[in-house]
Amino acid sequence: MIVLKTSQVTKYFFSPEKFKVLDSVSFEVRRGEFLSLVGKSGCGKSTLLYVLSTMDTSYEGTVEINQQLLTGKSKDDLSEFRNNHIGFVFQFHYLLPEFTVLQNVMLPALKLAKYSKDEIESRAIEKLKLLGVYSQANKQANKLSGGEQQRVAIARAIINDPTIIMADEPTGNLDSANSKIVFELFDELSTNFNQTIIAVTHDKDFASKTNRIIEMEDGRINL
Amino acid sequence: MNLKLTTSIAKTHLLSRKKQSSIAALGVTFGIAMFIAMTAFMTGVNHLLEETMLSASPHIHIYNDIKTERPSIVEELFLEKKIIIHHQRPKLEKKNLRNASQIIHRLQEDKRVFGVSPSVSSQVFYNYGNLQLSGFVSGVNIEDEDRLFSLNTKMKEGSIEDLMMNSNAVLMGAGLAKKLNVHKGDRINITTPSGEIFTLNIVGIFQIGIGQIDDVRSYANIGTVQRILQKNKNYITDINLKLKDLYQSKKIAAEYAKTFNYKAEDWETANATILISFTLRNVITGATVITILLVAGFGIYNIMNMTIYEKMKDIAILKATGFTSKDVMLIFLTQSLIIGLIGGILGLCLGFLMSLGIEKIPFNTGGFLAIDHMPVNFAIKFYIYGISFGLITTFVAGFFPSKKAGRIDPVDIIRG
Ligand SMILES: Nc1ncnc2c1ncn2[C@@H]1O[C@H](COP(=O)(O)OP(=O)(O)OP(=O)(O)O)[C@@H](O)[C@H]1O
Ligand SMILES: [Mg+2]
């Protein structure tokens with residue numbers, strides 16, 4: 001089953017001068033695929049990922065996720081769509097520093113409000129256990145090590161059982177031991193839970209172990 | 001449902017920056033406290049003055065105004081204004097209202113009128129030993145006068161019944177009695193403008209609370225004053241009246257002036273200077289309070305802007321994980337409103353304490369007003385205004401930064 005489909009996605013940046021950062025990008029992603037997006041620095045990987053993630057809406061062409069056309073929807077509709085269908089992991093883990101680890105994981109689910117607060121809490125605990133950071137649950141988020149924070153960020157990304165996890169250099173900021181842990185977590189989610197994952201990475205080793213590699217060059221993809 | 005979530009995020013944000021939040025709230029606290037204390041005091045003063053003034057002044061006062069400016073016979077004969085007379089001397093005019101009993105009758109028939117009190121007033125000298133003080137004696141039907149000015153409640157010594165039961169009796173103003181060093185039971189000599197001397201018995205002392213009256217006036221029975229002035233029973237110089245609706249005074253006074261052809265002065269005109277001072281006090285209070293709230297508002301505006309600047313990343317992450325612009329805006333607006341609510345409630349308490357403090361300050365009016373402490377108004381409505389102003393100010397101050405927060409584009413932040 002196809003969960004993500006882009007057709008002829010083209011994007012320009014206008015400052016400092018007009019410049020085509022994405023050039024007619026068309027590809028499809030099947031359910032359960034663990035896909036890595038690689039390419040030279042500045043070739044447009046992050047830019048493409050933001051378009052796929054629905055956060056960036058100024059592009060030409062179309063993006064569909066779950067057979068739903070997302071191009072042209074309002075920002076607030078897209079926020080709700082992300083809440084439901086997309087889990088994010090960034091290079092810098094971006095947890096909310098005032099909240100505890102558990103609260104950070106719970107927030108997107110509280111926003112979705114599909115389950116009761118108690119259910120959300122037990123689901124969050126379950127995810128933290130899965131990622132091996134349950135012992136830190138009641139710590140302030142900014143008191144964790146980088147590797148631990150990244151695992152919490154992954155727990156947050158999967159709390160709403162998203163259609164796709166999107167990760168921008170999730171191991172870019174981690175040592176090899178922690179990178180290995182993160183890769184194994186993604187791999188486990190993909191094989192055991194049939195989770196679709198798109199990860200931008202510079203890590204050759206990481207990319208080589210994924211199901212599929214998409215290479216980018218100057219805003220184009222080589223299929 | 002969402003409101004519960006955004007409120008709890010707002011609370012966490014506020015608690016993680018206790019110092020900044022408290023400073024913002026303190027700004028509101030001082031603003032509201034000043035508002036409460038100032039309005040309590042200013043309106044306290046206004047009420048006191050208004051009450052004292054209204055209790056002592058008639059709504060309409062009808063009297064015979066002596067006019068010096070009158071067309072002279074010479075001028076009337078030479079109609080082309082070839083001759084103009086300057087500095088005419090006043091004619092010997094009688095000061096009374098000629099058809100007084102008819103006027104009184106018609107006033108009593110008027111359904112808008114609450115009470116009518118006719119009087120004969122004369123300037124006199126009060127003699128006591130070697131002391132001679134100028135003042136007035138008003139001859140009244142004391143029951144009518146009591147209906148208008150509640151004299152019975154203003155008696156320091158004696159009562160109005162004592163006046164009714166004695167002839168040649170007077171009730172004397174407290175200030176006047178003090179200057180003359182006389183008490184109930186003493187006798188006093190008065191000299192009329194035409195030079196006659198009479199002896200009157202002081203049967204009571206009243207204090208209205210306005211120096212201008214208490215220092216110069218005494219009341220006698222109407223017949224007594226008519227006799228002193230050697231006038232007959234129809235001689236009436238003034239008619240005072242109170243209306244059921246005091247705010248109709250101006251209109252009705254004009255109407256009476258036209259029908260009776262005498263001067264009819266309403267209380268607002270008679271007390272214009274005091275009323276102007278009310279307006280000025282209100283303007284000063286308003287200006288001060290607006291300034292303070294504006295400063296508090298700018299404080300909150302700045303702090304919210306700073307907070308939002310610091311929280312850019314958090315806002316981006318909230319939006320990336322599915323929070324809408326409205327959610328983000330609500331999170332920050334709620335923070336602002338919580339600051340306003342807590343600051344405002346503390347402000348009300350502080351304002352109340354300040355008002356209590358002001359009330360304890362001794363205030364010597366030199367007998368001009370019947371009080372010895374600062375007047376303070378504790379009306380609930382000012383507390384309601386206070387908290388509303390606080391919330392409105394913080395709402396407005398928080399609205400624009402919050403709106404800005406709602407519009408933040410997460411991609412801009414995450415791209416770095
Ligand atoms: N906001 C922007 N305005 C103009 N140009 C931009 C903007 N953001 C990125 N670019 C440019 O677009 C190109 C693609 O950027 P992008 O961040 O997608 O690269 P990337 O492939 O993710 O690189 P890296 O591997 O270093 O993260 C780069 O040349 C970059 O300089
Ligand atoms: Mg990048």
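A backbone N or O atom of A:Gly44 lies 3.0 Å from an oxygen atom of ligand 1. That is a polar contact (a pair of N or O atoms within 3.5 Å). The model is predicted, and its local features need pLDDT of at least 70. Residues are numbered from 1 along each chain as its sequence is written.

| Residue | Atom in the residue | Distance to an oxygen atom of ligand 1 |
|---|---|---|
| A:Gly42 | backbone N or O | 2.8 Å |
| A:Gly44 | backbone N or O | 3.0 Å |
| A:Glu169 | polar side-chain atom | 3.3 Å |

Taken alone, ligand 1 exposes 630 Å², and the protein buries 67% of that. These areas come from the Shrake-Rupley method with a 1.4 Å probe.

Around ligand 1 stand 15 residues, and A:Ser41 and A:His202 are among the closest. A residue counts here if one of its heavy atoms lies within 4 Å. The residues come from chains A and B, so the site is shared between chains.

Now the aromatic rings. A pair of rings is described by the distance of the centres and the angle of the planes. Rings of Phe, Tyr and Trp (its six-membered ring) pair if their centres lie within 6.5 Å; planes under 30 degrees apart are stacked, over 60 edge-to-face, and the rest tilted. Over all chains there are 17 aromatic pairs. In one of them, A:Tyr12 and A:Phe14 are tilted, at 6.3 Å and 35 degrees. The planes of A:Phe90 and A:Tyr94 stand at 75 degrees, with centres 5.4 Å apart, so this pair is edge-to-face.

Conventions:
Chains are lettered from A and ligands numbered from 1 in the order in which they are written. This is a predicted model: local features need pLDDT of at least 70, side-chain atom pairs count only at pLDDT 80 or more; totals for chains, interfaces and linings use all residues. Side-chain values use heavy atoms; hydrogens and water are left out. A polar contact is a pair of N or O atoms within 3.5 Å; within protein, one must be able to donate a hydrogen and the other to accept it, and residues adjacent in sequence count only if both atoms are side-chain atoms.
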